[in-house]
Amino acid sequence: MPHRASLPLSHEKRRHPRLESNIPVKISSGHGDILTETRNLSCSGAFCRVSLRLEPMTRLKIHLLLPLIKNEKVITKKITCQGVVVRVQAIEDGDYYDTAIFFSDIAPKDSRAINEFVESMMEKKNNGKFN
């Protein structure tokens, strides 16, 4: 059988920018509440490390605490939305699970606030102003 060349790496398929950032989040499901932080965030979803395995397609209530800068002061905007688990992967030690969540029902103004936060933080990173 002839050797086939490797397929090229796939291009980024996400439609919205995603920021690697630790934003406090509370995830509520039928299993109770989980307090954690995002590992990355976009206006369409979040990626978190959680201590409980949540099955794909589990419906969640999400509470994000987004640090926004208004008039040179940091304020916390609480965003509440509905989400669905779309991917789960056990971490090697078995105590945590990397969990991808799609925001299935989010107010347009909250989605815009997340998008503006992500874009402003990415701009700061790109300009060397982000530590």
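Read from the N terminus, the elements of this protein follow the order β-β-β-β-β-β-α, which comes to one helix and six strands in its secondary structure. The model is a predicted one, and every value below should be read with that in mind. Of the 131 residues in the protein, 37% are buried.

**The barrel**

- The six strands close into a barrel, in which the order is β1-β2-β3-β6-β5-β4 and the pairing is antiparallel.
- Within this sheet, neighbouring strands are turned against each other by 40° on average, when direction is ignored.
- In general, the strands of a sheet pair through backbone hydrogen bonds, and they may do so in either a parallel or an antiparallel manner.
- Strand β4, which covers residues 59-70, runs antiparallel to strand β5, which covers residues 73-90, and twelve bridges join the two.

**The loop between β4 and β5**

- Asparagine 71, which lies in the loop between β4 and β5, has a phi near 50°, a positive value in a residue that is not a glycine.
- Glutamate 72 lies in the loop between β4 and β5 as well, and its phi is also positive, at about 65°, although glutamate 72 is not a glycine.
- Asparagine 71 counts as exposed because its relative accessibility is 76%, where the cut-off for exposed is over 50%.
- Glutamate 72 is likewise exposed, because its relative accessible area is 80%.

**The second largest pocket**

- The second largest pocket has a volume of about 240 Å³.
- Sorted by class, the lining of the second largest pocket consists of seven nonpolar residues, one polar residue and four charged residues.

**Asparagine 40 in strand β2**

- Asparagine 40 has its place in strand β2, which is made up of residues 32-42.
- Is asparagine 40 buried or exposed? Asparagine 40 is buried, because its relative accessible area is 13%, and buried means under 20%.
- The side chain of asparagine 40 is joined to the side chain of arginine 18 by a polar contact of 2.7 Å.
- Asparagine 40 can also be placed relative to asparagine 22, from which it is 18 residues apart in sequence and 7.0 Å apart in space, taken from C-alpha to C-alpha.

Definitions and conventions: Residues numbered from 1 in each chain as written. Predicted model: local features only at pLDDT ≥ 70, side-chain atom pairs only at ≥ 80, totals over all residues. Heavy atoms only, no water. Pairing = 2+ DSSP bridges. Helix = DSSP H or I, 4+ residues; strand = E, 2+ residues; numbered from the N terminus. Axes fitted to C-alpha atoms, helices over the stretch in contact; angles between N-to-C directions. 1 Å grid on protein atoms, 1.4 Å probe; cavity = no way out; pocket = protein on both sides within 12 Å on 5 of 7 lines; lining within 4 Å. Points joined across faces, edges and corners; volume = space filled by probe spheres on them. Nonpolar A, V, L, I, M, F, W, Y, C, P; charged D, E, K, R; others polar. Buried < 20%, exposed > 50% of the residue type's maximum accessible area, 1.4 Å probe, protein only. Polar contact = N/O pair within 3.5 Å; in protein donor to acceptor, adjacent residues only side chain to side chain.
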